[in-house]
Amino acid sequence: MNVAGWLLLSLFLTPGPHDDPAISWSAQPNGQSLVWAAPVPHEGPDPVGHWLLEERFCPGDMLRARLGPDGQFLLPPKWDRAGAIRAAVFEDRTSECRINTTGSLRQQFLAGQPFTVVAVVALDPGSENGCLVRARSGEAGEAAGWVLGFDEGVFTFRLAAAEDTASGHGAPDPVALTGRSHWQPGHWHHVVGVFDGETAELFVDGQLEASTPVKGRPVVGSDGTLLLGGSSGLDASGLQGRMREVALYDRAARGRWVQAEALRQSRVSLTSVPRAARENRFTVEPFLQFGTLDGMTVIWQLEQAGPATLHWGETDACDQRIESADPKTIHQIRITGLAAEAQYFYRVTAGAAGAEGAEAILSSEVRTFQTACRPGTPIAFAVIGDTQERPQIAKPVAELAWTQRPHFLLLAGDLVDNGEENSDWTEQFFPSLSPLISRVPLFPVLGNHEQNARNYFDYMALPDPEYYYQFSYGDADFFMIDSNRNVDPGSEQYRWLDQALGESRAIWKFVCHHHPPYSSDENDYGDLWKTNQSTRGDLRIRQLVPLYEKHHVDIVWTGHIHSYERTWPIRDNAAVEQGGTIYVVTGGGGGTLETPAPSRPFFQNNVRHGHHYCMVALHRGVLELKAFTIDDRLFDSLRIEKPR
């Protein structure tokens, strides 16, 4: 086992208090909290049984196990094929899947053996009681074993004890744990039952909801059968909903491991709408782009192509409408004729065929936005880079940035890990950034991880040619460049940037592109732990530096290196007190962190290893830059005052 494996094993075996300073909580759509923490590796203890209830693993009525024995459905299963999440549909006890246990898995059904059982499920409205995962043995009676299930709106975990406390039917009285929080119809939940030989615990979405000592030992015979879905007893109605993953471990999990697993599940979107209205839903919730003095663009994606309506107005009634009649999935609507520096409200609706064929309405939440500010008005904006595939980082960063109420977000590339992978956008980037970009416009540039994919251009609504563009806000002009393309003096972008910077009369000039001309990273530009040779930045992009100095660019925002670094003002490849350009690497939005080199270069003013975001405030000739950690602590600040 490697170091990463031992780390996760320690999380599994070592108790972790809920007030661990390395662990924080974020609100979920179901009203509960879900943990996010410093990322933990996926390597670690393997389950003794692992089943992914997806159509590709289920030929006919069989369930092919990832680990452990295969299972068999009583009837060929139905499948939820909507969206990126694939899951088996359970409608009643006839949907049950049975797994005959063997080998090490069977040992978990012998008296007194510790175990952990995990299920990822979404229940339908009207589900009363039933089984998620059940272990029983015919020879020990119907009540023997354990059941991870649900009853009267909460999740439950029951074990049959072997003490002489049998009921009148001759079956042992169960030890019953009942969750505190109610499950939400249509929402995915991560449910875990744990037995360590002495104590039983029930976790829901990463939180411990019930715990009790177990007197005696669970009674399950040696030929135990594992049941997925169906009923939890003769009087149960059975599971009605969807299930997509079940796992069984041969040891008792501790709280920190359960939290980490709940976090892993959240990365594939643990929320959805109820099945009755799921024939159409928002694959991408509405977000904002290219806010100007008199306009704003609203973008969203539907799961199924169809028309939609943008409602907007000066109050939350959103009494004005713009129809998007084309039957398509991605909709982009530009609202024009707005007043400058004004607050507006908006929401989006679309038709959806209900369970009985009646017309249902899919509706987003009401959100606000503000149009751009005129020159002379103070502004503030957030800067984030390299969100990539770490929603557990990107989402709290976005939420923290929103608490400071920026006018807009500047995003310095690498929005996703793989731009050609649809789920990177729909399950990671947009859900993570939604708390911010549903309220303020997003102004991005392309990173190398976008791979110039069609997805980027389908989602973004920016001035042609989109991979470079310009916008103004208050007393600042912003010039957005694709540093993955040519930027040499003869290139299209170089010529455009030279002209656009020369024509700008703004007090402040900012450029944003992904790759940094100056960086002290340890190994991206030469491994400084092995030699003393490094270019200390991207030389190809450094060809733009003469333009920045020629046109007095104030700050260049970059990412690519997953850390924070701010330079001194630089002119003629030397640090100066004033009159130069400052370069800021702000690649701490989610990507795996990188480390500065062991020696300090001439240009370095401040460097920090850690996830973060930046806030910039401008008022005429005064600029204030502040950088914050992921727990919202200020770690860098800068104030610039320009002569009047």
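Two strands are said to pair if DSSP finds at least two bridges between them. In this predicted model, pairing of this kind builds an open sheet of 7 strands, arranged in the order 28-29-30-31-35-32-36 with mixed pairing. The edges of the sheet are formed by strand 28 (469-473) and strand 36 (604-608), each of which pairs on one side only. On average, neighbouring strands of the sheet are turned by 15° against each other, direction ignored.

Helix 4 (residues 391-403) and helix 5 (residues 422-437) pack with their axes 7 Å apart, at an angle of about 15°. Angles under 35 degrees count as roughly parallel, and helix 4 and helix 5 are therefore roughly parallel to each other. The crossing in which helix 4 passes helix 5 is right-handed.

On the side of helix 4, the contact is made by Pro 391, Ala 394, Lys 395, Ala 398, Glu 399, Ala 401 and Trp 402. These residues meet Gln 428, Pro 431, Ser 432, Leu 433, Pro 435 and Leu 436 in helix 5. By class, the contact of helix 4 with helix 5 comprises 9 nonpolar, 2 polar and 2 charged residues.

Methods. Residues are numbered from 1 along each chain as its sequence is written. This is a predicted model: local features need pLDDT of at least 70, side-chain atom pairs count only at pLDDT 80 or more; totals for chains, interfaces and linings use all residues. Side-chain values use heavy atoms; hydrogens and water are left out. Helices (H or I, at least four residues) and strands (E, at least two) are DSSP runs, numbered from the N terminus. Axes are lines fitted to C-alpha atoms, for helices over the stretch in contact, and angles run from 0 to 180 degrees between N-to-C directions. Angles under 35 degrees count as roughly parallel, over 145 as roughly antiparallel, 65 to 115 as roughly perpendicular and the rest as oblique. A crossing is left-handed if the near helix is turned anticlockwise from the far one by less than a right angle, and right-handed if clockwise. Contact means heavy atoms within 4.5 Å. Ala, Val, Leu, Ile, Met, Phe, Trp, Tyr, Cys and Pro count as nonpolar, Asp, Glu, Lys and Arg as charged, and the others, Gly among them, as polar.
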